[in-house]
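Let's go through a model together, one feature at a time. Have the structure open while we talk.

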Amino acid sequence: MKIKYLIIDDEHIAHDIIKGYCDMLPNLEFKADCYDAIEAIDYLQKEEVDLIFLDLNMPKLKGFEFLKTLSSPPKVIVTTAYSEFAIEGYELNVVDYLLKPFSFERFLSAINKVTSSNTKTIEKRHKGNINPEEKYIFLKQKNSHIQVDLDAILFIEASGNYIKVVTTNDTISIREKISDTIQLLSDNDFLQVHKSFAVAKKHIKSIEGNRIYIEDYTIPIGKLFKTSVNQLFK
C-alpha cells in the first residue's frame, strides 16, 4: 500500500532533496509540490494524502499555523532549519522533526515511524483493506537498507552494540539500541519481555514459567516484565 505524500516548502532545493529521498523508497507516492501553506490548503480541499513534509518558516502562513487549520490532518513530518519549534511540533502530534540538513538515514528513521504505525488516517480511508503483509520497515545493515515485513519478525534481541532482528527467513544485525528499535514496532503486535528481548505476540507458541517459546527459539522473561507478559492471559 502506497503512502501518498505532499511537500510544503518555499525552497525548491528542499523539494528536490525530499523527492530524491522518497524516490529511493518504493512505498512512497508523490502527489504534489506546494510552495506555501495557502497553496497547500487549496490542494487538500480537493485531494487526500497520507503524509505531509512540512516546512515551518514560510510566507503568508507559517507551518504550524497552517497545521492548526486542518481538522483531520494526515501524518506530518516537519522539515525545518529551526530547532526551537520542536516542542510545539510534538504537541501537535507530528511524527518526526527533521532538522535541515538531514541525512538519508535520519530521513529513513522518520519514514519508518510512519510505515510501522497503524495510522488512523490510513485505516479510515482503506478500512478493512489493509493487508498485514504490506506493513514493513527498512533496516540498515552495513551499507544497505533491507526491507523487512513486520509480520515476519519473530523477535528482536540486544547483543552488545547491535540488535538482532530474527525473522521467519533470516537474522538481520543492525547497529541500534533496543529501545529505538522497539519504537518502530507496534505496541499492539510486539511486547518487550526482557531488557534484551522483545517478541511478536502472534508468533508466541507457548509460555512456560519464565520462558517464551517461538518456533525453535526460547526467550527469557525478565522479572521486571513479568507483569506485562501476564497481561496476555487476560
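Q: Let's begin with Lys60: is Lys60 buried or exposed?
A: The general idea is a cut-off on relative accessible area: buried is under 20%, exposed is over 50%, and partly exposed is in between, with a 1.4 Å probe and protein chains only. Lys60 has a relative accessible area of 68%, so it counts as exposed. You'll find Lys60 in the loop between S3 and helix H3 (63-68). Helices here are DSSP runs of H or I with at least four residues, strands are runs of E with at least two, and both are numbered from the N terminus.

Q: How do I read the confidence, and where is it lowest and highest?
A: pLDDT is the predictor's confidence in each residue, from 0 to 100. Where it is low, the predicted coordinates should not be read in detail. The protein averages 84, and 87% of the residues score at least 70. Helix H6 (residues 120-126) has the lowest confidence, with a mean of 40, and strand S14 (residues 211-214) has the highest, at 96. Over residues 118-133 pLDDT stays under 50, and there the model has 23 contacts beyond four places in sequence; a contact means heavy atoms within 4.5 Å.

Q: What about the overall make-up: how many helices and strands are there?
A: The protein has eight helices and 15 strands. Of its 234 residues, 44% are buried. Take the contacts between residues at least 6 apart in sequence: 51% of them join residues at least 24 apart. The accessible surface comes to about 12,800 Å², with 48% belonging to carbon and sulfur atoms; such areas come from the Shrake-Rupley method with a 1.4 Å probe, and for residues only the protein chains shown count as cover.

Q: Back to the backbone. Which residues other than glycine have a positive phi?
A: Most residues other than glycine have a negative phi, and most peptide bonds are trans. Lys60 is one exception to look at, with phi near 70 degrees. Glu215 is another, at about 50 degrees. Glu215 is in the loop between S14 and strand S15 (217-220), and it is partly exposed because its relative accessibility is 40%. There is also a cis peptide bond between Lys100 and Pro101, with omega about -5 degrees. Pro101 belongs to the loop between strand S5 (96-99) and H5.

Q: How are aromatic pairs described, and how many are there?
A: A pair of aromatic rings is described by the distance of the centres and the angle of the planes. Rings of Phe, Tyr and Trp (its six-membered ring) pair if their centres lie within 6.5 Å; planes under 30 degrees apart are stacked, over 60 edge-to-face, and the rest tilted. That rule gives ten aromatic pairs. One of them is stacked: Phe53 and Phe107, 5.6 Å centre to centre with 20 degrees between the planes. This pair links distant parts of the chain, 54 residues apart, with Phe53 in strand S3 (residues 51-54) and Phe107 in helix H5 (residues 104-115). Phe53 is buried, at a relative accessible area of 0%, and so is Phe107, at 1%.

Q: Which residues do ring pairs link into a cluster?
A: Tyr5, Tyr21, Phe30, Phe53, Phe102, Phe104 and Phe107. The charged end of Lys19 also sits over the ring of Phe30, 4.4 Å from its centre. For that label, NZ of Lys or CZ of Arg must be within 6 Å of the ring centre and within 35 degrees of the ring normal.

Q: And a polar side chain: what does His15 pair with?
A: A polar contact is a pair of N or O atoms within 3.5 Å; within protein, one must be able to donate a hydrogen and the other to accept it, and residues adjacent in sequence count only if both atoms are side-chain atoms. The side chains of His15 and Asp33 make one at 2.6 Å. His15 is in helix H1 (residues 12-23) and counts as buried because its relative accessibility is 1%.

How values were computed:
Residues numbered from 1 in each chain as written. Predicted model: local features only at pLDDT ≥ 70, side-chain atom pairs only at ≥ 80, totals over all residues. Heavy atoms only, no water.
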